[in-house]
Amino acid sequence: MAGENTALAIGKAMVTAPVPAADWLVIAPLIVTMMGGALCVMTRKRTEYQPQIAFVFLTALVAVNIALLSHVTNSGVVVMVMGKWLAPFGIAFSVDTTSAILSLVASIVAWCVGLYGIVDVNNTGRRYGFYPFLLLLMTGVCGSFLTGDIFNLYVWFEVLLISSFGLLILGNEKIQLDGALKYAILNFTATTLFLIATGLLYGLIGTLNMADIAVKVKTLPDGAPLGAITALYLLAFGMKAAAFPVNFWLPASYHTPRIVVSAVFAGLLTKVGVYALLRTLVMLLPEGRSAMAEIIAIIAVVTMLTGVMGALAQTDIRKALGYLVISGIGSMLAGMAIGTGSAVAGTLFYAVHSIIVMTALYLVTGLIGRMGGSFDIRELGGLYKGSPVLAGLFLVLCFAVSGLPPFSGFWPKVILVESSLKESYYWVAVAILLTGFLTTLSVGRIWIYAFWRGGPESAPDNSEEGKIIPLSESLTGSQAALWIPIALLVSLVVVIGVAPEAMFRIVGQGAVGLIDPSAYISQVLGGAK
Amino acid sequence: MEVGLSVLIGIFFAASIYLILSKQIIRILLGIAIIGNAVNLLIFTSGRLSREIPPIIPLDQDVPALGSANPLPQALVLTAIVISFSLFAFLLVLAFRAYQELGTDNVDEMRVAEPADQPKPPMGY
């Protein structure tokens, strides 16, 4: 009889049916990047093979992420549990629209950076491990987006953290060690705070599965210390996302590594923090979030304004862009503070837009640095003569990052302003518009100084000082590897700006899933697959 | 037992935050090592502490006896120890390399990435 019972119990507690083939897509991004990373580590002595290997695996990553997104939008939340233990006991990977769209955009950006790196990262950089670190960074990023277990999220955070350390000090220069030390200590502290919050949450409700947490948090008695846990999550992920006042690691470090590394960091790392904030504050602890809405709104406004003022105060383009990353995080936090469906959709849309635009801006800045011989706007000038195409692309990105139509930055700002007015957060709406204006000033000045004026400050016409270095002089490989990623990202910016309907549908679906996770919960806990 | 450990964890957190707020990198690193241990103890304590009742399900029952310690936090602590240990090892090497290159372990004097006398930006177009 005992044996019969056990068999019955195992049938209830474990997944006995084989996993449907389509559901393997859930962990395919991780498998692809881990295999690619491992192969790149194996070929560390034959660095000439690494770009090809990375290119193949990053293309595969984009492909499986496209398949995953279409699978999720068609058939709802997809769940896969590891080791066949049923949720909430096994570690579950559960993918909703939010996870899938962010994972897809992140992989597109990684593909672009991988291609750009073929030319931009020299053999020394490859020997230091650019490609293995890039692929393993993507393992961490995709894992963070796709997992449905909060402790597992911590593990993926650490995976991406250690890979980002490797990328940051690629080359071992003085300035990189200085920036990396500050970045490493502050980010390590942030993940420790995340772990503290998770430990307290587990002590309170006894589960780590996100769907299970969302259910059990509602059944807690009054007076449970959820406010403290929410505040700890806000501090930990706010630090990751570079929200004021815990964002000083970002301007200290983002201009120090190679430009491709800056590009992938600016695109992905802070947005993983924003995603974790969305997941924990909006989906898991909605009551804690609404109790702290005012505080989050204040943080958001201060973050966007200090960010853009920091950008105005810089002469180095890379530093100015770092501050613009921070300013964008402020806008995303504003949507989280308002917390309605459309505001969360705006946050998600802004995250997608910011991933694409910030990466593209850094990649274009890499070309500016190559052609102008400097990243300092006082020493640049007249680049329009060197490459009108580059001037045009940079101008498009300037419009997009400022939130001007018809580019991708316009729509999320429209949604955010509209929903903040609807919820009577007038000062937030004013701050978003003011930030847009100041961003226009800041990037406009960069464009005018680097491209439009005749030459650098106080340089006579046609002098040696203002000379434009043709790209072919500083390059050994083909220039296409530099232009294709930029062209792809800029065309995405234009397409999303001109035809935003598809993106509206996706982020709307994602926001609904975050605010009302009942479908997510029933799929994870009830889905006996 | 829980009360005693909670007090100890509080002392650990206080000491580590004090150390992390100082200006010497080596003191900051010591603070990080202590905060890692504080977190591990915190998770360990959150899973109930008792030696008397083994966490084994008796033959005729479906759940472990009431009051036994939860083994899951201990598994989490193991994971956290491994991860924080490896990251801490990396931080030590990084701090040592930074000390070699920059010639100081005072964070106020580490100004290579952000020089103190940055020029003013252009004030117009």
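Student: How many Å does helix α14 of chain A reach from its first C-alpha to its last?

Tutor: This is a predicted model, in which local features need pLDDT of at least 70 and side-chain atom pairs count only at pLDDT 80 or more, while totals for chains, interfaces and linings use all residues. Residues are numbered from 1 along each chain as its sequence is written, and chains are lettered from A and ligands numbered from 1 in the order in which they are written. Helices (DSSP runs of H or I, at least four residues) and strands (runs of E, at least two) are numbered from the N terminus, and α14(A) is the helix of 20 residues at 293–312.

Student: Which helices do the buried residues of α14(A) pack against?

Tutor: A residue is buried if 20 or more other C-beta atoms, placed from the backbone, lie within 10 Å of its own, exposed if 12 or fewer do, and partly exposed in between. In α14(A) the buried residues include Ile296(A), Met304(A) and Val308(A). Counting contacts as C-beta atoms, placed from the backbone, within 7 Å, the buried residues of this helix pack against α10 (226–241), α11 (249–253), α15 (317–338) and α20 (426–452) of chain A.

Student: Which residue of β2(A) is the bridge partner of Val81(A)?

Tutor: Strands pair if DSSP finds at least two bridges between them, and β1 (residues 78–81) and β2 of chain A pair in the antiparallel sense over 4 bridges. In a regular strand the side chains alternate between the two faces of the sheet. From β2(A), Phe93(A) and Val95(A) point one way, and Ala92(A) and Ser94(A) the other, with all of them buried. The bridge partner of Val81(A) is Ala92(A).

Student: Is Asn65(A) buried or exposed?

Tutor: Asn65(A) has its place in helix α3 (residues 50–75) of chain A, and beyond its neighbours within four places in sequence it is in contact with Pro29(A), Ser103(A), Leu104(A) and Ser107(A). Because it has 28 C-beta neighbours inside 10 Å, Asn65(A) counts as buried.

Student: What is the radius of gyration of chain B?

Tutor: Chain A, with 24 helices and 2 strands, has a radius of gyration of 23 Å, close to the 24 Å of the globule rule for 529 residues, so it is as compact as a globular protein of that length. That radius is taken over C-alpha atoms, and the rule is 2.2 Å times the number of residues to the power 0.38. Chain B comes to 3 helices and 0 strands, and it is more spread out than a compact globule, because the rule gives 14 Å for its 125 residues and its radius is well over that, at 22 Å.

Student: What percentage of the residues in chain B are buried?

Tutor: In chain A, buried residues make up 61% of the 529 residues. In chain B, which has 125 residues, the buried share is 23%.

Notes:
Expected span 1.5 Å × (residues − 1). Contact = placed C-beta atoms within 7 Å.
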